[in-house]
Each structure stands twice: as structure tokens, then as C-alpha cells.
Amino acid sequence: MKPISGMGQYVPTDSPLHHLDAAAKIGLAAALTTALFMASGFAGLGVLAAAVAWAVASSRVPLRAVARGLGAVSFVVVFTLLANSLRWEPAVALLRIGPLAVDAAGLRTGAFFAVRILVLVVGTTLLTLTTSPVRLSGGLERVMRPLSWLRVPVGDLAMTLTIALRFIPTTAEEAERIVMAQQARGAVFDKGGPIRRARAYAPVLVPLFFQLFRRADALATAMEARCYRGTEGRTRMREERMRGVDWLVMLGLGAALVAVGWFL
Amino acid sequence: MLEFAEVSFAYPTATAPALDGVSFSLEPGQLLVVVGANGSGKSTLARLCDGLLTPGGGRVLVDGLDTADVSLVWDIRVKVGMVFQDPDDQIVGTTVDDDCAFGPENLGLPPEEIVARVAEALTSVGMDGLERREPHLLSEGQKQRLAIAGALAMGPRYLVFDEPSAMLDPAGRRSAIAIIERLAHEQGHGVLLVSHDAADVARADRALALSGGCVVFEGAPEDLLADAALLRACGLATGSMGVLGERLRALGLAVPVGALEAESVVDALWP
Ligand SMILES: Nc1ncnc2c1ncn2[C@@H]1O[C@H](COP(=O)(O)OP(=O)(O)OP(=O)(O)O)[C@@H](O)[C@H]1O
Ligand SMILES: [Mg+2]
């Protein structure tokens with residue numbers, strides 16, 4: 001069972017994209033999202049897709065890792081395509097299957113939305129593929145810092161995110177251990193329909209949650225023993241900062257992306 | 001000096017006290033081992049050392065600072081480092097060096113100083129070269145050494161270990177106890193080690209045994225190891241080498257009670 005680990009996990013290859021500041025990458029991901037939703041035709045979408053493809057190539061991340069992110073959303077993409085392109089007994093159609101039919105306009109709309117989702121997912125997966133969890137949460141903290149003026153506990157949120165990232169593999173291991181223990185006692189996880197399979201996991205979730213709560217309690221004690229008292233007065237070993245080149249890349253490429261979305 | 005003076009403690013939900021009139025002291029450079037059966041109050045005692053729990057009666061003083069004084073609690077936690085049983089319960093960072101930096105970051109130290117402390121702490125537990133490794137890719141033994149480094153990076157004078165090797169295999173256990181011994185005897189930390197392992201007792205300077213929250217033994221480790229009934233009451237097994245040593249002593253051979261590993265028995269027989 002490997003459901004949790006893998007998707008969008010940091011790949012520490014060495015590339016310009018890896019060296020770009022995390023906050024700049026978050027800014028670029030936001031610009032890409034904006035551009036994708038502004039783009040009104042295939043021309044704009046095509047340029048944005050090409051830009052993302054270029055970013056993937058320059059990131060030197062194996063395509064397999066990018067594809068893993070896509071696997072998770074393939075259902076949404078296929079559903080979008082079908083939901084938009086299928087019509088009930090239309091006058092003209094490209095292809096008829098009984099009363100259902102595919103018509104050209106619907107296919108165009110479906111393809112447009114599907115490509116939009118694909119480009120969006122690849123672009124944002126690239127962010128987590130090229131940024132280590134520490135840098136990502138540090139970058140998010142800096143991006144969100146203005147919100148602390150509105151009394152949003154930005155530092156605590158970033159700490160929570162860091163701990164969540166730290167415990168994803170540990171929790172996956174724990175789940176695996178419980179599954180194996182249940183299997184050893186005769187539980188069956190891979191037979192039957194989807195409902196039966198889902199029900200087979202209930203005896204896994206209960207001990208898993210029990211473990212998580214116990215661990216959360218122990219972790220809180222350990223953090224207290226190491227003098228954690230909220231983020232006030234805390235310093236960071238790696239105080240990362242936007243350099244000139246990060247600003248330049250973010251503003252330059254970001255503006256270009258948004259311009260593509262606006263005009264095409 | 002870390003000092004317990006007539007310390008009692010009861011959990012709010014419990015009927016009997018977990019600790020009752022416990023007194024002892026720990027000097028820097030000294031390795032004190034605390035033993036006792038399950039539920040005898042060892043973990044409670046450990047948590048009282050740095051103010052995670054505060055005594056219901058009596059006082060706990062760390063270099064003269066009273067743990068009951070809430071304004072001193074952070075100063076005390078800098079002086080007393082804690083390492084718990086399960087390393088996964090205490091590793092916070094997503095990489096080795098980030099985790100090690102967690103304590104110094106909380107103290108608000110400048111980045112250069114944090115970097116220096118992290119490097120020093122990781123070196124002293126033999127983890128150089130693993131700085132960028134993610135914790136879940138470490139062995140259990142390495143995880144526990146990281147937990148020790150995390151406590152060391154705070155710059156503590158005293159270290160409290162609550163069964164640090166309970167989750168480890170024999171090799172991991174030996175390397176953990178070797179590090180703990182070095183921290184006390186070479187680096188001059190005052191170390192309180194809660195343990196279920198008679199081999200740890202043999203390496204300590206002093207031993208303390210708890211039963212039902214009371215101190216039932218305090219003194220030289222050899223005297224504790226020589227008392228078979230007390231060892232059993234504390235749930236300590238001396239292992240096959242302990243039994244062998246006992247039989248050899250019955251034959252009149254000079255094998256010390258602290259010789260609990262094959263090497264030390266051999267050394268005793270053929271000096
Ligand atoms: N949170 C708690 N609430 C109530 N009672 C507790 C709590 N923690 C421990 N106790 C009780 O206090 C007593 C001492 O517990 P403690 O954990 O200190 O023992 P221990 O010597 O560390 O045992 P072990 O060898 O199992 O780790 C036990 O009787 C235990 O049941
Ligand atoms: Mg305990």
C-alpha cells in the first residue's frame with residue numbers, strides 16, 4: 001500500500017528552478033493560475049502549456065515524477081472531457097452511441113477545460129517537485145506574512161505545515177504496519193467491490209487515529225522540552241530571502257504569463 | 001547540581017502518588033542510572049527534572065533554580081535536555097539539520113550561531129554527512145542519535161534520557177549507551193539515564209532504584225547488581241553473562257558483578 005507517499009514529492013536534482021527562491025516560485029504558480037483562467041482560446045492555452053513544458057524540461061526532474069502527479073487527477077480530466085463533450089440526441093454530431101453523441105463544439109469545450117487542468121496540475125506539481133519541504137513552508141510563510149497584520153497566526157501555520165510534511169511518511173509507514181498486522185490475522189483488503197474494500201479499511205483507521213493522537217501528545221511534550229513557545233522571538237537557521245534575480249524572474253516571467261492570458 | 005528534595009507527585013486522575021518523598025542529586029560529569037519496574041515512577045521523575053511536571057510536594061532545583069517558579073521554566077529547559085523513548089515522537093524537522101536546529105531557533109539565537117551548534121551537536125553523535133537526510137530515511141539508531149543531537153544543540157548542562165534504547169536493536173543500543181557515557185564522562189554533562197537494561201547500570205557512576213514511587217536503593221551500581229532479589233523486583237535481567245558471572249563467582253573466580261558482556265567477562269578472567 002503506497003497511497004500517500006510519492007505524489008509531488010521533492011526531487012533533489014540540480015537546476016535553475018531548484019535555485020529559484022520558493023516565494024518567487026509560489027508567485028509564478030499564482031501568475032500561471034491567473035493566466036490559465038484568463039486565457040480565452042487555445043492559442044493562449046498553447047503558449048502557457050509550452051511555457052510549463054519548457055519549465056519541466058529545464059527542471060531536470062524525471063518525467064516519471066511529473067506523470068505520477070498527473071495520475072492522481074486523470075479521473076478529473078477524463079470526467080471533464082466527457083461531461084463537456086457528450087450531448088443527448090443533438091441535431092449534428094461527430095459520433096453517435098445510441099442517443100448519446102459527441103459534437104464538435106462540446107469536444108472543443110471539453111478539451112479546453114481538460115488541457116487547462118492538466119497545465120495547472122503540472123505547473124503546481126513542479127513547484128513541490130523542485131522545492132524542499134522546508135523551503136516551501138518557509139516561502140509560504142514569507143508570502144503570507146502580510147496577513148499577520150490581520151492577526152492571522154502565520155508563523156504557527158507554517159510550523160503546522162512543516163510538521164504535517166514531516167509526518168506524512170511516518171504515518172504512511174504506520175498505516176502499512178497496521179494493514180500488515182491485520183492481514184496476518186486474516187483481514188482481506190483486496191477483494192470485493194469498492195464499498196467492501198472501503199469498509200475493510202475501517203479497522204485500520206481506528207488504530208491509526210489512536211496512534212496519531214498519542215503521537216501528537218508526545219510530540220507536543222517534546223517540543224515544549226525544546227523550548228518551543230510559539231513563533232514569537234524565534235529565529236531561523238536558514239533565513240531565506242528574495243535576491244535581485246528572484247525578483248527579476250518572478251516579475252518578468254509572471255508578467256509575461258499574465259499578459260499571455262490577457263491577450264490570447 | 002540537579003537536586004530533588006523530598007519530591008512527591010500525584011497525577012490528578014490517580015489515587016496513589018506516582019512519586020513519594022524522592023531525594024537525590026546529580027552533579028555535572030556524573031552518570032546516574034534510574035531503574036524500577038513498570039509503573040514505578042521513572043518517567044514521572046524524568047519529567048520533573050525540567051519542569052514538564054512540577055512537584056506536588058518538595059522541590060526540584062536545577063543549579064539553584066526552582067522548577068516550580070514559572071518565570072524560570074525556560075532557563076531550566078535550556079539547562080536540562082530531554083531525550084524520550086521513541087525518536088519519532090520528538091523529531092520535528094523535515095531534515096536532520098533542520099530538526100537539530102529546532103531548539104536553538106526557539107531560543108532566538110542568530111543564524112551563524114545555530115549553524116555552529118548544529119554542526120557540533122551532529123558531530124558529537126557521529127552524524128556528520130547526514131545533514132540533508134530526511135528523518136524517515138534514517139535507521140532507528142540514527143533517529144535516536146538525532147534526538148540526542150537535538151537536545152545537545154540547546155547547550156544543556158544536564159541530560160535526561162527516558163529509556164532511550166528501548167526501541168533499538170542490540171547494536172543500536174550499544175552505540176547509544178557509548179554516546180551517553182561519553183557525554184557524561186568526557187563532555188562533563190550531568191546525565192540521568194532511565195533504563196531497563198542491567199548493562200547500562202554497570203556503566204553508571206551511581207544507581208537509583210524506584211519501587212511504587214519510593215527510592216528503594218541509592219548507591220554504587222555494583223551493590224545494586226549484587227542484589228539479585230532487588231534486580232528482579234526492578235525487572236532487570238542480567239542476561240546470560242550475568243548468570244555465567246554468578247556461577248563463576250560461586251566457583252571462587254574473581255568476576256565482578258558489573259561484567260555483563262562477553263568482553264568484560266573475558267577481560268576479568270584473563271586480565
Ligand atoms: N498521565 C497520567 N495520568 C495518570 N496516571 C499516570 C499518568 N502517567 C503515569 N501514571 C501513573 O503513574 C505511575 C508512574 O508512572 P510512570 O510512567 O512514571 O512509570 P514508569 O516507571 O516510567 O513505567 P514504565 O517502565 O512503564 O515506563 C504509574 O502507576 C502510572 O500508571
Ligand atoms: Mg516510563
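In this predicted model, the contact between chain A and chain B draws on 30 residues of chain A and 39 residues of chain B. About 3,100 Å² is buried between chain A and chain B, and carbon and sulfur atoms give 55% of that area. Within chain B, a further contact joins domain 1 of chain B, which contributes 7 residues, and domain 2 of chain B, which contributes 5 residues.

**Chain A against chain B**

- Arg166(A), Arg226(A) and Met237(A) together supply 28% of the area that chain A buries against chain B, which is more than any other three residues.
- Between chain A and chain B there are 9 salt bridges, including one that pairs Asp86(B) with Arg215(A), whose closest N and O atoms lie 3.6 Å apart.
- Across this interface, 15 residue pairs are in polar contact, with both residues at pLDDT 80 or more.
- On the side of chain A that touches chain B, the elements giving two or more residues are α6 (133-144), α7 (154-184) and α9 (202-225) of chain A, and by class this side holds 15 nonpolar, 5 polar and 10 charged residues.

**Domains of chain B**

- The domain assignment divides chain B into domain 1 (2-226) and domain 2 (238-271), with centres, taken over C-alpha atoms, separated by 30 Å.
- The two domains of chain B bury about 490 Å² between them, 74% of it on carbon and sulfur atoms, and Ala198(B), Ala199(B) and Leu225(B) supply 54% of the area that domain 1 of chain B buries there, more than any other three residues.
- Between these domains the count is 0 salt bridges and 0 residue pairs in polar contact, with both residues at pLDDT 80 or more.
- The largest share of the side of domain 1 of chain B that touches domain 2 of chain B, 4 residues, comes from α8(B), and the residues of that side divide into 5 nonpolar, no polar and 2 charged.

Definitions and conventions: Residues are numbered from 1 along each chain as its sequence is written. Chains are lettered from A and ligands numbered from 1 in the order in which they are written. This is a predicted model: local features need pLDDT of at least 70, side-chain atom pairs count only at pLDDT 80 or more; totals for chains, interfaces and linings use all residues. Side-chain values use heavy atoms; hydrogens and water are left out. Contact means heavy atoms within 4.5 Å. Buried area is the accessible area (1.4 Å probe) that two parts lose on being put together, summed over both. A salt bridge is a side-chain nitrogen of Lys or Arg within 4 Å of a carboxyl oxygen of Asp or Glu. A polar contact is a pair of N or O atoms within 3.5 Å; within protein, one must be able to donate a hydrogen and the other to accept it, and residues adjacent in sequence count only if both atoms are side-chain atoms. Ala, Val, Leu, Ile, Met, Phe, Trp, Tyr, Cys and Pro count as nonpolar, Asp, Glu, Lys and Arg as charged, and the others, Gly among them, as polar. Domain bounds come from an automatic or database domain assignment.
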